[in-house]
Amino acid sequence: MHDFILREIVTDDLEKELCSVGFDKSYIKKARGKFVYKNIKIFDLTPAQANILKQTALSVGADCATHRETITAKVEKTDCILGGSLSQIEKIAGKLAFQPFGLKKLGEMLLQRHEKDCGRCKIVGILNLTTNSFSDGGEFYEFDKAVEHLNEMINDGADVVDIGAESTKPYSEPVSAAEQLAKLVPLLEYIKENNIKIPVSIDTRSSAVARKCLELGADIINDVSGFDYDEKMPEVIAEFNAKVIIQHSKGTPENMQDKPVYSNLMDEIYLGLKNKIDIAVSKGIKRENIIIDPGIGFGKTREDNFEIIKRIEELYGLGCPVMLGISRKSLLNMPDEDNFTKDIFTLALNSLAINKKVDFLRVHNVKLNKKLVELLGEMQ
């Protein structure tokens with residue numbers, strides 16, 4: 001009897017694998033779509049829309065999961081999960097072009113979905129001008145120490161430096177705009193006077209702080225509240241045509257870790273960030289200037305944080321670069337004083353994020369993480 005040998009293929013380079021079996025090279029790019037499978041969640045369809053979508057999917061050999069009462073129309077709306085190869089999804093989109101109930105638009109959106117076109121992951125170095133940050137509070141509070149660490153991170157290869165003068169760790173209290181600016185302004189003036197060209201991000205929830213820092217040459221505002229703390233923030237960012245990092249956060253630093261609960265973690269983060277993106281665009285912020293962050297540790301349990309890391313690719317559908325901040329956080333479950341061990345565990349999780357094509361990693365130890373990006377880059 002013939003012994004069959006089977007091997008599951010796990011790779012992004014399917015074209016190379018198809019070539020290896022002698023497949024027709026002239027057809028390989030088109031054929032690739034038949035071997036890439038996608039599960040796409042579509043929110044809030046009417047029963048009529050969902051039933052047509054399901055029948056269309058079945059007609060091309062794909063499938064669509066809906067609420068069990070969709071066929072009876074006993075529900076007003078249903079979420080759906082459309083599953084099929086890229087080739088099948090393209091066929092579904094083509095058929096939807098001739099369907100009623102606005103499904104032509106859904107078909108167009110399905111065709112717009114594309115694989116993430118991502119360059120090398122960028123390293124965002126953290127510079128805390130605080131006394132109470134969870135990892136290095138007080139270490140760089142004095143101006144000379146802050147300047148020294150800034151230059152160290154630049155020399156270590158940081159792509160961006162994220163400077164903050166307000167700790168937003170769990171149970172921390174707000175810091176006034178005046179107090180923040182007292183620490184931020186001298187450092188921004190130093191950067192300007194010394195013609196330092198590295199992009200500078202300011203970690204603040206205050207529109208007043210953001211305005212002054214942008215006037216002094218900052219490039220990015222990192223708002224961990226996602227505009228919830230200060231409703232004027234979007235207008236200020238739009239006025240300066242600056243980039244913005246919009247983070248998902250459940251609650252405020254004072255209460256966000258008081259037993260956070262989600263009915264569907266990834267749905268709530270995805271839809272919450274989409275809402276914030278829509279607000280930003282409506283206020284005049286260019287979509288290409290928006291970076292999103294799921295907010296590891298901001299109103300999430302340890303299990304939630306790991307789930308986000310495992311499923312980070314789901315956020316790419318929002319069409320914005322994604323930043324992830326794992327560095328030295330409590331999910332690593334390490335003693336507070338042991339930053340070296342925390343950095344090693346951070347590297348382990350960041351390696352997963354890099355392989356999943358995350359765009360930015362916010363880290364304390366720039367040197368180690370930059371080396372990691374370079375090493376994994378050699379494997380691609």
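In which handedness of crossing does helix 7 pass helix 8? Helix 7 passes helix 8 in a right-handed crossing, right-handed being the case in which the near helix is turned clockwise from the far one by less than a right angle, and left-handed the anticlockwise case.

This is a predicted model, in which local features need pLDDT of at least 70 and side-chain atom pairs count only at pLDDT 80 or more, while totals for chains, interfaces and linings use all residues. Residues are numbered from 1 along each chain as its sequence is written, and side-chain values use heavy atoms, without hydrogens and water.

**Helices 7 and 8**

Select residues 177-193 and 207-215: helix 7 and helix 8 pack at an angle of about 15 degrees, with their axes 10 Å apart. Axes are lines fitted to C-alpha atoms, for helices over the stretch in contact, and angles run from 0 to 180 degrees between N-to-C directions. Helices (H or I, at least four residues) are DSSP runs numbered from the N terminus. The two are therefore roughly parallel to each other; the classes are roughly parallel under 35 degrees, roughly antiparallel over 145, roughly perpendicular from 65 to 115, and oblique for the rest. Next, show the contact (heavy atoms within 4.5 Å): Ala177, Gln180, Leu181, Leu184, Val185 and Leu188 of helix 7 with Ala208, Val209, Lys212 and Cys213 of helix 8.

**Helices 4 and 5**

Move to residues 86-96 and 103-112, where the axes of helix 4 and helix 5 come within 7 Å and cross at roughly 155 degrees. That makes helix 4 roughly antiparallel to helix 5. Helix 4 passes helix 5 in a left-handed crossing. Residues to display in this contact include Ile89, Ile92 and Leu96 of helix 4, and Leu103, Gly107 and Leu110 of helix 5.

**Helices 3 and 4**

Helix 3 passes helix 4 in a right-handed crossing. Here Leu53, Thr56, Ala57 and Ser59 in helix 3 meet Ile92, Lys95 and Leu96 in helix 4.

**The cavity**

Finally, select Val124, Val160, Ile220, Ile245, Ile291, Met323 and Phe360, which line the largest cavity. About 30 Å³ of space lies in this cavity. A cavity is a set of points on a 1 Å grid over the protein atoms alone where a 1.4 Å probe fits but cannot get out, and lining residues have an atom within 4 Å of a point. Grid points are joined across faces, edges and corners, and the volume is the space filled by probe spheres set on the points.

Conventions. On a 1 Å grid over the protein atoms alone, a cavity is a set of points where a 1.4 Å probe fits but cannot get out, and a pocket is an open set with protein on both sides within 12 Å along at least five of seven lines; lining residues have an atom within 4 Å of a point.
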